[in-house]
Structure formats: C-alpha cells, structure tokens
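The structure is shown first, and the discussion follows.

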Amino acid sequence: MLIRPETLEMHIQEVKRQFDLISLKEWIDLHRAGVAVPDRACAITFDDGWLDNYQYAFPVLQTYSTPATLFAVVEKIGTDFQFWPNILANLLLHGAKQELERHPIFQPYVNRLTGNVTVDQVAGVIKQLKVHTDADIFDALEQINWRALCTSYAGGMTPALMNWDQLCEMKQSGLVDIGSHTCTHRRLTNALSQEELEYEIVHSKTLLEQRLQSTVDLFCFPNGDYNDLALSLVKQHYRASVTTQRGINKDYELNLHELTRIGLHDEVSCSRRLFRARLSGWV
C-alpha cells in the first residue's frame, strides 16, 4: 500500500478541487459543538508513523498547506521495529522462501508459492497469516532469526518508522495532528486481556501526551480489529476514533468512534480518473 509523492500531490489537488479539506480534529470539534460540517468535508489520515510519511508526504502537505492526522504506534517510534508483514515481504521477495518453510506457522502458506514470488502472492500469505496472533508471528520470526536472514538475502532492512524529533516537527508545523495507534500495534481482539487492552489504548495516550506536551484525542484501531471492550475503552478516553472500514461518514448519522475511511494505494488511484472512481466507490 504505497503512494508515490507525485500521486499524493495529485490527490491533494483533486481533494481541494472537489471537497472542503479540513483536519479530522476540526471535523470532530464542529460536530460535537453542533455546528454544521461542510457537506463535502474531507480529512486526510496516515497510519503507523512511517519514516516515508516524514520524508515524502510531509513536504507535499507543507507545499499545499494541507492539514492531516497521523496515528503513531507510540512505543515503536524511534526504534528499529519492523511490522511483521514488511519482514515477511522482504524475505519472500528476496528468495528466503525455503527458510520460512522450515517453521510450522509459515509452512502451510509459503509452500503453496511457486516460481518467482510476486507482490500479490505475498499479500495473500499475509492475509492468511492473520489467523495467528501478532505475538505468535513475531515469535516465529525470531525463531528463524529474521534479522540475519534479511541481511543475508536483502542486505538488511531500512528503518521503518520516523523518530520522535521528526514526529514532533510534523506536530509543531501546525498542519499535522497526532493520534494514537496503540503502544505496539497489537490487534485489539479477544486474544488480549483487559489489562493488555488498557495498556494499548490508555497507556499509549499517556505516553503520547507526555512526549508531545499536548492533548491526544484521536485513536486508530490497528488492522481495523477491535472487540466490545476495546471500543468501550476508546470511547472513555478519546473524542473520536477511525476504523479501516470503507465508507463515507454522514454528519447526521456520524458514529464518532467507528469512523469509516477510504484506503488508497498507487495502483488504484494514480490518475485523476482512478482517484475519483476510488472515492466514488467504483473501485
């Protein structure tokens, strides 16, 4: 799910032409105050805190004075953490299929791959692996010594996430609001205890507020997964939250803690025609 800087620039141009571009925070503030939100209000969000959001997206936002919200995985900012789908993709696309097949978690999915592994095949394996918990997948990757394999097959992995100075710079620009995407990006399902859910949801807010020296009111569910308890905790501690469910939020029926979004990647939005079709629901 990549967007090239030039595609993002085109997106912003189109959004400014077709919609009333506002920040998610402003949208929420207007709604909670009982003030009418523009009929064509549109807000831009980024998940995770990827380094390339700082390197490539932030300059585009600045050029066009575009507000956005970035949801950060708090305890991973400024670390060498890699999301397991990235690790798996790096290994599979650089020829480490046999090494992955040696572990029972990966073997049933990886051994079906034939020939040169493609990005689409990797996406399929990642989707199938989500029947396992994040903890089990990370344990399996540690058991096969993924760092050494990535170095051996692909020359290592570049940093995935931005550091705290970069995150603070985006915040201090006045263009980017920062929200929580949990402490560690674990899926907020029944696989987690109440204590673990509280840690991911409540403690991430505390840590962010300490580092940013400002209130954090917005939350994003990792992978779009959450159970009733997770939703209840988010409602208690945040003014609003976003899901990964696709849809358009109507002001008269706005569910502030289960906001829908439209996900974008270059393949389905790299032209103005495709971008408009994606927003309209055609693709």
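Strands, like helices, are taken here as DSSP runs numbered from the N terminus, a strand having at least two residues. The model is predicted.

## Residues with positive phi

Strand S3 covers residues 45–48, and Asp48 is found in it. Phi of Asp48 is near 95 degrees, a positive value in a residue other than glycine. Most residues other than glycine have a negative phi. Asp48 has a relative accessibility of 10% and therefore counts as buried, the cut-off being under 20%.

A positive phi also occurs at His185, which is not a glycine, with a value of about 70 degrees. His185 is found in the loop between strand S5 (176–180) and helix H11. The relative accessible area of His185 is 17%, and the residue is buried.

## Packing of H3 with H10

Two packed helices are described by the angle between their axes and the distance between the axes. For helix H3 (residues 51–63) and helix H10, the axes come within 10 Å and cross at roughly 40 degrees. The two helices, H3 and H10, are therefore oblique to each other. The crossing in which H3 passes H10 is left-handed.

On the H3 side, the contact is made by Leu51, Asn53, Tyr54 and Phe58, and on the H10 side by Gln166, Glu169 and Met170. By class, the residues of this contact of H3 with H10 comprise 4 nonpolar, 2 polar and 1 charged.

## Packing of H10 with H11

Helix H10 spans residues 164–172 and helix H11 spans residues 194–212; they pack at an angle of about 75 degrees, with their axes 11 Å apart. H10 and H11 are therefore roughly perpendicular to each other, since angles of 65 to 115 degrees fall in that class.

H10 contributes Trp164, Leu167 and Cys168 to the contact, while H11 contributes Leu208, Arg211 and Leu212. In the contact of H10 with H11, 5 residues are nonpolar, none is polar and 1 is charged.

Where does Ala96 lie? Ala96 is placed in the loop between helix H4 (84–93) and helix H5 (97–101). With a relative accessibility of 0%, Ala96 counts as buried.

When neighbours within four places in sequence are left aside, Ala96 is in contact with Leu91 and Tyr153. Between Ala96 and Glu195 there is a separation of 99 residues in sequence, and their C-alpha atoms are 37 Å apart in space.

Definitions and conventions
Residues are numbered from 1 along each chain as its sequence is written. This is a predicted model: local features need pLDDT of at least 70, side-chain atom pairs count only at pLDDT 80 or more; totals for chains, interfaces and linings use all residues. Side-chain values use heavy atoms; hydrogens and water are left out. Axes are lines fitted to C-alpha atoms, for helices over the stretch in contact, and angles run from 0 to 180 degrees between N-to-C directions. Helices (H or I, at least four residues) and strands (E, at least two) are DSSP runs, numbered from the N terminus. Angles under 35 degrees count as roughly parallel, over 145 as roughly antiparallel, 65 to 115 as roughly perpendicular and the rest as oblique. Contact means heavy atoms within 4.5 Å. Ala, Val, Leu, Ile, Met, Phe, Trp, Tyr, Cys and Pro count as nonpolar, Asp, Glu, Lys and Arg as charged, and the others, Gly among them, as polar. Buried means under 20% relative accessible area, exposed over 50%, partly exposed in between (1.4 Å probe, protein chains only). A crossing is left-handed if the near helix is turned anticlockwise from the far one by less than a right angle, and right-handed if clockwise.
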